[in-house]
Amino acid sequence: MPHTKTYKLPYIALTLVLFLCFFANISLGSVSIPFQDIFNGLIGSSTANESWQHIIHEYRLPKAFTAIIVGSGLGVSGLLMQTLFRNPLAGPFVLGITSGSSLGVALVIMGASFFGGAFAGILVSKWSIVIAASLGSFTVLLFVLVISNKVRDTMAILIIGLMFGSITTATVSVLSYFSSAEELQQYIFWGFGSIGNLTWDELFVFFIIYSIGILMSLTSIKALNTLLLGENYAKSLGLNIKTSRLLIIIATSLLAGTITAFAGPIVFIGLAIPHMTRQIFNTSNHKVLLPAVFLFGAIVMLICDSIAQLPSSDLTLPINAITSLIGAPVIIWLLVRKRKMIF
């Protein structure tokens with residue numbers, strides 16, 4: 001595997017691009033703010049208009065930090081899943097964790113129509129949706145962990161995760177059938193994904209859980225590189241497959257589950273970012289890939305959010321539409337250009 005020092009320049013370039021995208025993301029929006037005032041607002045100096053300070057600190061900064069967390073977290077969780085299952089189509093959605101979150105939110109928003117009084121008293125608020133999404137993903141995670149202790153074949157776990165996803169999707173469809181138009185609209189809007197509604201308090205809780213997931217991912221780098229050689233060879237090298245698999249699944253669940261709970265089911269990023277990074281860095285060494293995926297995921301999410309805001313307009317497009325419209329053609333182009341996937 002190439003030595004890490006070889007990648008110093010790309011890391012520096014990606015870090016600079018990340019700072020530029022971060023500043024551009026804060027600069028763009030429905031309210032036009034001069035660059036000098038943006039800079040003053042970031043360093044705590046006074047701005048020409050007091051409302052600009054409020055917009056920068058209470059809306060644009062939390063949104064930019066959320067974009068970095070969502071992009072980097074989904075990118076890393078996608079990399080973990082693709083390596084664990086040795087499948088280029090694997091992503092955070094494959095274990096059914098995202099579907100579990102969706103079911104939890106559907107029960108809160110649409111449960112009153114289906115279950116009547118049992119759910120009628122639940123107040124549909126931001127925190128109730130976050131808690132429901134977290135409980136949904138955690139429940140699916142428990143099933144997957146129990147099964148991963150019983151089933152040795154990694155591909156079987158992948159298929160079981162997909163089946164969990166199908167079951168939860170079918171349940172959401174039944175709930176949707178009995179829901180009112182207003183409830184259905186609320187659930188659909190949540191499914192569009194949004195990174196612009198978090199307060200600093202919500203972002204703090206979000207960041208703590210995300211940090212735990214990232215730290216667990218970093219401790220798995222050696223195991224991920226060993227798993228690339230195949231499970232049998234990894235065992236012969238002394239790797240504890242069961243413990244490593246458990247650690248990787250929990251890290252993925254923390255990242256993907258929490259991001260879905262706070263920002264909705266963001267598509268494409270988890271699947272595509274690892275592939276795009278492999279094509280650019282031309283390596284499968286996770287010591288190189290994991291920080292690169294972290295930076296690249298954050299950059300792509302900041303760019304997608306900047307476009308979704310429709311600068312100088314009051315309209316904001318669904319973030320999921322932008323991630324798919326931009327990312328899918330890029331992936332197709334990269335794969336056609338390289339003619340094969342690096343894995």
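Helix axes are lines fitted to C-alpha atoms over the stretch in contact, and angles run from 0 to 180 degrees between N-to-C directions. Helices (H or I, at least four residues) and strands (E, at least two) are DSSP runs, numbered from the N terminus. The structure is a predicted model, in which local features need pLDDT of at least 70 and side-chain atom pairs count only at pLDDT 80 or more, while totals for chains, interfaces and linings use all residues. Residues are numbered from 1 along each chain as its sequence is written, and side-chain values use heavy atoms, with hydrogens and water left out.

The chain has 15 helices and 0 strands. Of its 343 residues, 51% count as buried, where buried means under 20% relative accessible area, exposed over 50% and partly exposed in between (1.4 Å probe, protein chains only). Among contacts (heavy atoms within 4.5 Å) with a separation of 6 or more, 77% join residues 24 or more positions apart.

An unreviewed UniProt entry places the feature "transmembrane region" at several spans, including residues 64–81, 207–228 and 248–276. UniProt positions are given in the numbering used here, feature names are shortened, and annotations may be inferred rather than shown by experiment. Residues 64–81 are 100% helix and 0% strand, with the end C-alpha atoms 26 Å apart. For residues 207–228 the values are 91% helix and 0% strand, and the end C-alpha atoms lie 30 Å apart.

The axes of H3 (residues 50–84) and H12 (residues 241–263) come within 9 Å and cross at roughly 145 degrees. The crossing of H3 with H12 is left-handed; a crossing is left-handed if the near helix is turned anticlockwise from the far one by less than a right angle, and right-handed if clockwise.

H2 passes H3 in a right-handed crossing. Asp37, Ile38, Gly41 and Leu42 of H2 meet Trp52, Gln53, Ile56, His57, Arg60 and Leu61 of H3, giving 5 nonpolar, 3 polar and 2 charged residues.

H1 (residues 8–27) packs against H2 at about 110 degrees, with the axes 10 Å apart, and H1 is thus roughly perpendicular to H2. Phe23, Ile26 and Ser27 of H1 and Phe35, Ile38, Phe39 and Leu42 of H2 make the contact, which has 6 nonpolar, 1 polar and no charged residues.

Two residues of H12 were examined individually. Ser244 lies in this helix and counts as buried because its relative accessibility is 10%. Beyond residues up to four places away in sequence, Ser244 touches Ala223 and Leu239. Leu247, also placed in H12, is partly exposed, with a relative accessible area of 30%. Leu247 and Ala223 are 24 residues apart in sequence and 9.9 Å apart in space, C-alpha to C-alpha.

Conventions: Nonpolar A, V, L, I, M, F, W, Y, C, P; charged D, E, K, R; others polar. Parallel < 35°, antiparallel > 145°, perpendicular 65-115°, else oblique.
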